[in-house]
Amino acid sequence: TGLDHLIDPDAPPLSSVFLHELQVRRDQPRDDFLTELTTLTPDDLGGAPVTDRFLVAFLTGAMVAGHETTMNASANLTVLLSGDPELQDRLAADSTLISGAIDESLRFRSPVQSFVRTATTATELHGCAMNEGDKLMVVFGAANHDPDRWEDPETFDPTRKANGHLSFGWGIHRCIGAPFAKI
């Protein structure tokens, strides 16, 4: 294909790159996130061992999730702006609307639409019984368009106070990279 020249067949796999960088930080600590990861102890993880396999899996997940959600959020806002020259003009004329437009675009077009969870206890939510162990799908996109929560949810409004949307999850499952993605 036309992109073959961009692929280096001799490049190490991502896990090798992460392992190398973790070892560099162990040998020569720096004031950075990777060095902090190398200093984790089982106490930091509720007793779980801190293995290189765990650290590589964590870094891979953070990179993939952070890249995908940021890419989706950016693309969604770009699509909204490209189809609305009036909105482009409003944001260009009043930069104080930009932060609200970003939050509203996250609500309006969630970068992640759903996530699967497992019920840890039997419960009932809005008349729906769930048993311990049931698989549940949290549909962020639908929640962000819930008319019980959002007035006129199908309208994109950059002046809406859209903080409280679920595009990055909520509580202990909130995306650790949410502040970066919003920037």
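**Figure 1. Buried residues of helix H5 in the predicted model.** Gly100, Ala101, Asp103, Glu104, Ser105, Leu106, Arg107 and Phe108 are the buried residues of H5. The model shown here and in the other figures is predicted. Helix H5 spans residues 98-108 and is mostly covered, with eight of its eleven residues buried.

**Figure 2. The crossing of helices H3 and H5.** In this view the axes of H3 and H5 come within 9 Å and cross at roughly 100°. Because angles from 65 to 115 degrees count as roughly perpendicular, H3 is described as roughly perpendicular to H5. On the H3 side, the contact is made by Ala73, Leu77 and Leu80. On the H5 side, Ala101, Ile102, Ser105, Leu106 and Phe108 take part. By residue class, the contact of H3 with H5 divides into seven nonpolar, one polar and no charged. Of the H5 residues in this contact, Ala101, Ser105, Leu106 and Phe108 are also listed among the buried residues of the helix.

Figure 3. Arg25 lies in helix H1, which covers residues 14-27. Is Arg25 buried or exposed? With a relative accessible area of 7%, Arg25 falls under the 20% cut-off and is therefore buried. The side chain of Arg25 makes a polar contact of 2.7 Å with the side chain of Asp32. Apart from neighbours within four places in sequence, the residues in contact with Arg25 are Arg30, Asp32, Leu34, Thr35 and Thr38.

**Figure 4. The whole protein chain, for placing the close-up views.** The protein chain holds seven helices and four strands. Along the sequence, these elements follow the pattern α-α-α-α-α-β-β-β-β-α-α. The radius of gyration of the protein chain is 21 Å, well over the 16 Å that the globule rule gives for 183 residues, so the chain is more spread out than a compact globule. Taken along the principal axes, the box filled by the C-alpha atoms is roughly 55 × 50 × 40 Å. Buried residues make up 26% of the 183 residues of the protein chain. Among contacts with a separation of 6 or more, 51% join residues 24 or more positions apart.

Methods:
Residues are numbered from 1 along each chain as its sequence is written. This is a predicted model: local features need pLDDT of at least 70, side-chain atom pairs count only at pLDDT 80 or more; totals for chains, interfaces and linings use all residues. Side-chain values use heavy atoms; hydrogens and water are left out. Helices (H or I, at least four residues) and strands (E, at least two) are DSSP runs, numbered from the N terminus. Buried means under 20% relative accessible area, exposed over 50%, partly exposed in between (1.4 Å probe, protein chains only). A polar contact is a pair of N or O atoms within 3.5 Å; within protein, one must be able to donate a hydrogen and the other to accept it, and residues adjacent in sequence count only if both atoms are side-chain atoms. Contact means heavy atoms within 4.5 Å. Axes are lines fitted to C-alpha atoms, for helices over the stretch in contact, and angles run from 0 to 180 degrees between N-to-C directions. Angles under 35 degrees count as roughly parallel, over 145 as roughly antiparallel, 65 to 115 as roughly perpendicular and the rest as oblique. Ala, Val, Leu, Ile, Met, Phe, Trp, Tyr, Cys and Pro count as nonpolar, Asp, Glu, Lys and Arg as charged, and the others, Gly among them, as polar. The radius of gyration is taken over C-alpha atoms; the globule rule is 2.2 Å times the number of residues to the power 0.38.
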